[in-house]
Amino acid sequence: MTINDWIHVIAGTFILVSLALGTWVHPGWYFFTAFVGLNLFQYGFSKSCPMVYVLRKLGVPESRG
């Protein structure tokens, strides 16, 4: 899997978990959902977000092949 694939998997997981926490724990968790959504929006234009730097440090490849 590439960085782009991991970004989508991690963001989707964060969104689902924060929606569940916002529903069953405290509505303040919806702000985390908005933060992840804004990062995805920004990543679509710039191809850069905080998680990209973490994944690069972990050695995840940028492209296939």
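Start by selecting F35: in this predicted model, F35 is partly exposed, with a relative accessible area of 48%. Colour by secondary structure and you'll find F35 in helix α2.

Together with F35 they form a nonpolar patch on the surface, with about 680 Å² of accessible area between them. Which helices supply the patch? Show α1 (3-24) and α2 (30-46): each of them gives at least two of its residues.

Keep F14 selected and move on to the largest pocket. Its volume is about 200 Å³. Of the 13 residues that line this pocket, pick F14, V36, N39, C49 and M51, which lie nearest its centre. Colour the lining by residue class next: 12 nonpolar, one polar and no charged.

Where does that lining come from? Bring in α3 (50-57) alongside α1 and α2, as each of the three supplies at least two lining residues. The largest share, six residues, belongs to α2.

Finally, zoom out to the whole chain. Draw a box along the principal axes and the C-alpha atoms fill roughly 45 × 20 × 15 Å.

Notes:
Residues numbered from 1 in each chain as written. Predicted model: local features only at pLDDT ≥ 70, side-chain atom pairs only at ≥ 80, totals over all residues. Heavy atoms only, no water. Patch = residues over 30% accessible without salt bridge, like charges linked within 9 Å, V, L, I, M, F, W, Y side chains within 5 Å. Areas by Shrake-Rupley, 256 points an atom, 1.4 Å probe, with all protein chains shown as cover. Salt bridge = Lys/Arg side-chain N within 4 Å of Asp/Glu carboxyl O. Helix = DSSP H or I, 4+ residues; strand = E, 2+ residues; numbered from the N terminus. Buried < 20%, exposed > 50% of the residue type's maximum accessible area, 1.4 Å probe, protein only. 1 Å grid on protein atoms, 1.4 Å probe; cavity = no way out; pocket = protein on both sides within 12 Å on 5 of 7 lines; lining within 4 Å. Points joined across faces, edges and corners; volume = space filled by probe spheres on them. Nonpolar A, V, L, I, M, F, W, Y, C, P; charged D, E, K, R; others polar.
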